[in-house]
Every structure is written in structure tokens, then in C-alpha cells.
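These are notes for a colleague who will work from the coordinates. Please read them with the model open.

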Amino acid sequence: MSKYNPCEYDPFTFYTAMKRPCTKIFLLFLLLLLLYCYSGFRMIGQENPYPETVEKVNIFILGGQSNMAGRGGVDDKEWDEYVPTECLRNRRILRLNENSELEEAEEPLHSGIDVNKTCGVGPGMAFANAILEKDPNFGVIVLVPCAIGGTSITAWSGSNSSLRSQMIKRTNEALKYGGKIRAILWYQGEKDTETESASYLFPGEYRMFLCRLYQELKNPQIPFVQVALASGQGEADWLENVRASQIAVKNVITVDAMGLQVGEDGLHLTTNSQVCLGRMLADAFFSTIS
């Protein structure tokens, strides 16, 4: 009788073994195990950017014009791509992108939103990082960028304003992911300092904007944190007209940007100023919940 040689291949024996139910179950188990391991290896180093606990999702709406959209580090329509430490990515800071999808936020925050313009550093990322620095248990932050450079208050206040409608739409899209709107951050008015007439129209149009915004949001309890202008585009008196109107508005929180450094264009905040503004906005927000 010949001895069994484990190295000798017998097609018939192999075929018979493969037909056994226990062998089929074992091979199926092995296949599933391999698939599980493969997917696990793919997930190593990949972090899920989506909120996991709905109760801890905090939504912030960012509106206005270019200084909210961010022009920090932008010169001659080119962004220098410098991102300060205070504006770095954080797994707990998300943004609603131009496709109404949540993704991990990064500078430029308004990329894809303030289109046909060069976006740079704005106050949003510095704001969010400052919130988490002050309160590590704050949860997930969802930033909803809506600012559009070069827009006047009348572009936001009209009864059929497409900008305000888009802001409301994006807010509702963010709410579909769960969570709560914690505040609206607003920085606008430079465009309304271009002419004397625009600066005098500003107070009424601004009040109309706020009235219609809150009617459409259907939530009068959302804090509104505005930035009083640091710069203008016309005469100093026209800038003061708009600033005085902003500061006189009741039932809003005001952060005064006057004194923050602006760039060579005399209009847009520098990167460092945007970081300072973001931290000032965070302090202002915490004053609403203290």
C-alpha cells in the first residue's frame, strides 16, 4: 500500500471535498472574514466627519459679504494658502458645502459658496476652534457659510431676495442632519458705505432684513451676532453712518471690528485680524449662554 503524500494533488479528492456542506460553510466564513478585514484596513486612518450624536450638533450660520467670506491672505486675486494654528482643521468642525453635504471644514471656508472670487481666511474657523478651546465638551460644530462678497444690504433685505432665500434654504438643509441653530454670525455693510444715499438707506433696510430673516427662520430665539464695520469704501462720514446704524440695533450682540488691521486695499481684514475677530465672536457667543 502506497503511503499518503500530502504534496500530491488528487483532483477527484479535492472535488469531493469541495462538495461537502461543511467545506462550503468554512469557505464562506473565510470569504466574509477576508472582506471584513479588508474593509477594516481601509478604515484605518480614516475618520468619519459626520456628527454621531444629534443632541450635540451645534449649527452656526455665517452671512454677510467679503469680510465674512474671508479675504485674509488674498493679494491680487491669489490666496497665499497660509492657515494659522487657530484656523486648522478639527474633526468636530464641519461645514455645509455647496452641495449641501457635510464635510470636515477647512480654509477657505467659503470656497464654492462665494463663487467667482478668491476666498481666503475668514473668521469662521477661528471662531469654531475658539469655541471648542473654551468648552471641550461643546460637541460638533456645523458651520453654514452663506456670505457673498460685494453685496449691499438691499440685496439681502428685499421681499424676493435670492441671497436671503439661499441662506434660509441652506439653514434648513443643515437642520436635516440634526442639531440646533445656536447663532447667526453676520458681517456686512461695506458696500453701503460707497455713497451717502446708500449709507442713509442702510438703517431701514437692515431692520427690514432682520425682520424678514427671523420671520422666515420661524425662530426668534436664535442669537444674532453682528460685526460693526472696521472699514468702508467711501467717505469717512458714510462709514460712520452705517456703523452708527449697526450699533443702534436692539436685541443683537455687537462685536466691534474697528481698530483691527486691514490689508493694503484698505477694506479687507488681514489673516491675523480675522483670527482676532473669530475669537471675539466666540466670546460674544458665550455671552449669550452665560
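The numbered points below go from the whole chain to single residues.

1. Basis. This is a predicted model in which local features need pLDDT of at least 70 and side-chain atom pairs count only at pLDDT 80 or more, while totals for chains, interfaces and linings use all residues. Residues are numbered from 1 along each chain as its sequence is written, and side-chain values use heavy atoms, with hydrogens and water left out.

2. Overall content. The protein chain contains 9 helices and 9 strands; these are DSSP runs, helices being H or I with at least four residues and strands E with at least two, numbered from the N terminus. Of its 290 residues, 45% count as buried. Buried means under 20% relative accessible area, exposed over 50%, and partly exposed in between, with a 1.4 Å probe and protein chains only.

3. Surface and contacts. The protein chain has an accessible surface of about 15800 Å², and carbon and sulfur atoms account for 54% of that surface. Areas come from the Shrake-Rupley method with a 1.4 Å probe; for residues, only the protein chains shown count as cover. Taking contacts (heavy atoms within 4.5 Å) between residues at least 6 apart in sequence, 75% join residues at least 24 apart.

4. Largest pocket. The space in the largest pocket is about 390 Å³. A pocket here is an open set of points on a 1 Å grid over the protein atoms alone, where a 1.4 Å probe fits, with protein on both sides within 12 Å along at least five of seven lines; lining residues have an atom within 4 Å of a point. Grid points are joined across faces, edges and corners, and the volume is the space filled by probe spheres set on the points.

5. Pocket lining. There are 17 lining residues, and Arg-71, Val-74, Asp-75, Asp-265 and His-268 lie nearest the centre of the pocket. The lining divides into 7 charged, 8 polar and 2 nonpolar residues. In this scheme Ala, Val, Leu, Ile, Met, Phe, Trp, Tyr, Cys and Pro are nonpolar, Asp, Glu, Lys and Arg are charged, and the others, Gly among them, are polar.

6. Cysteines. How many disulfides are there? With a disulfide taken as a pair of cysteine sulfur atoms within 2.5 Å, the count is 0. Cys-119 is buried at 7% relative accessible area, and Cys-211 is partly exposed at 37%.

7. The loop between E4 and E5. Asn-97 sits in the loop between strand E4 (93-96) and strand E5 (102-104). Asn-97 is buried, with a relative accessible area of 4%, and touches Glu-103, Ile-113 and Arg-170, leaving aside residues up to four places away in sequence. Ser-100 belongs to the loop between E4 and E5. Ser-100 is not a glycine, yet has a positive phi of about 60°; at 18% relative accessibility Ser-100 counts as buried.

8. The loop between E5 and H4. Pro-108 lies in the loop between E5 and helix H4 (124-134), and a cis peptide bond with omega of about -5° joins Glu-107 and Pro-108. Asn-116, found in the loop between E5 and H4, also has a positive phi of about 60° without being a glycine. Is Asn-116 buried or exposed? Asn-116 is exposed, at 80% relative accessible area.

9. Asn-251. This residue is placed in the loop between helix H8 (236-248) and strand E9 (253-256) and is exposed, at 81% relative accessible area. Asn-251 and Val-225 are 26 residues apart in sequence, with a C-alpha to C-alpha distance of 9.7 Å.
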